[in-house]
Amino acid sequence: MLGGAGILVGVAAGPAQAAEVSYATRCVPPPASGLDPVEGTTKVEITAPATASVGDEVTVVWKFTQAASKNPDLIDLPANSVQPSGTLKAAGAQTADLAMQGPRENPAIPKGGAMVLSDMKGTLKLTAPGKVTLTPDAYSINAFSTDTKCAPTQTVEPAATIEVTASSTTPSSTPTTTPSTTPSTTPTTTPSTTPSTQPTGSSSASPSDSGQTDFTGKEVSVPYACKTPIGDKNATSPVQIDAKRNGGSFDLTVQFKKSVMDSPADIPADSVKPSMEVALGGSDKGTVHVEGPTNSQAIKSGDPIEIPDLTGTYKPGASGRSTLSPGVLTIMALGTTTTCTPTKSEVSLTLDTTQQAGGASGGDSSGSSGSSGNSGSSSGGSSGGLAQTGADDHGMLRALGLVAGTVILLGGAIFTFMPHRRTR
């Protein structure tokens, strides 16, 4: 009992102390951004117990009272899109590098606005009696999967000191910390990737036109070259084009059957708008404009990014057998544009068409109903597997606000490397 009481006294006896320190800082944006490093001043307040005992595990809080730079005049950063992490150096009676991290919590930050970073926390196990000083060191600012790295350019003064007293209770402080980290990581991740791999079988019968109204295309795997605001990215997306006869025209539905990734941050509603130019071939020439709705609800960080169907109307400009292939994809997101162009074209659907007045190149650009035909014969195009790329709607969707002298990168390019499937 005395031993247990000793620990409680050790942690609770020392009142919390808070001290601020400021230091010159150099922040380096990701190389892909092409931005120059930013020189500024970081102001940090460190809170820690004034006194504690050997064997205690104390919590230390790092509060940014001033970040080294402002949000660049490129894009408004949405709420809860920025996460800081850093290193706090312990010296004196014991030496350690204490890992610090804050939650992804911030208010919306306008272009040119002061950076607002969440408080970071870390824990330190005290191992020796004497004075332990705590000094802030380098830190990183993560926004939409990219890091801006900031480091001191001068010697930083300690921001807090803990007076550590000897204690006979060292053995009793160890059992609590280890067990809690293991159980939480396993349960959720495995099941979600398996179920959605079964593609909906597309029929490939030749298109005999006797009264058929629904035409189901084949999935084709489309390699895209994407131009983002800060550079070029390559990605591959599986796409399927379906059609439903509407008089002499066809209502088209372009389907992306897999979510390409989990959202790297909270995404506001109505912030992403995808569209595509379906390429015509065979008897017809030109393109057909199809587009999808903006995201109707906000998407939380870590949730799958669902890809809506893209719809539009194809009015044939020629009679004969016309082919339809996925074409140039455009993503408008948070005031930025990403364009993805196929590097190899594959036919998803072939239709028997009759020329219509004012038909192709592209027919009408109005988005029609787009019911996806499941029955009936469809064209044979080449088969493929649907895309894991930022080339789809939510795929380049997110503008990356790089903090501390940073810029924006559209999510599509990032999504390429973080596939996540969904059952359609």
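S271 is buried, because its relative accessibility is 11% and the cut-off for buried is under 20%. The model is predicted. S271 sits in the loop between β14 (249-255) and β15 (272-282). The side chain of S271 reaches the backbone oxygen of P268 at 2.7 Å.

Now the whole chain. The chain has two helices and 21 strands. Of its 424 residues, 48% are buried. Take the contacts between residues at least 6 apart in sequence: 75% of them join residues at least 24 apart. The accessible surface comes to about 17,900 Å². Carbon and sulfur atoms account for 54% of that surface.

Next, the aromatic rings. A pair of rings is described by the distance of the centres and the angle of the planes. The structure holds five aromatic pairs. Two of them are set out here.

| Pair | Type | Centre to centre | Angle between planes |
|---|---|---|---|
| W62 and F64 | tilted | 5.6 Å | 45 degrees |
| F64 and Y139 | edge-to-face | 5.0 Å | 65 degrees |

Which parts of the chain does the pair of F64 and Y139 link? F64 lies in strand β4 (residues 57-66), and Y139 lies in strand β8 (residues 130-143). The two residues are 75 residues apart, so the pair links distant parts of the chain.

Are these residues buried or exposed? W62 and F64 are both buried. F64 has a relative accessible area of 10%. Y139 is buried too, with a relative accessible area of 2%. Ring pairs link W62, F64 and Y139 into a cluster.

Conventions
Residues numbered from 1 in each chain as written. Predicted model: local features only at pLDDT ≥ 70, side-chain atom pairs only at ≥ 80, totals over all residues. Heavy atoms only, no water. Helix = DSSP H or I, 4+ residues; strand = E, 2+ residues; numbered from the N terminus. Buried < 20%, exposed > 50% of the residue type's maximum accessible area, 1.4 Å probe, protein only. Polar contact = N/O pair within 3.5 Å; in protein donor to acceptor, adjacent residues only side chain to side chain. Contact = heavy atoms within 4.5 Å. Areas by Shrake-Rupley, 256 points an atom, 1.4 Å probe, with all protein chains shown as cover. Phe/Tyr/Trp six-rings, centres within 6.5 Å; stacked < 30°, edge-to-face > 60°.
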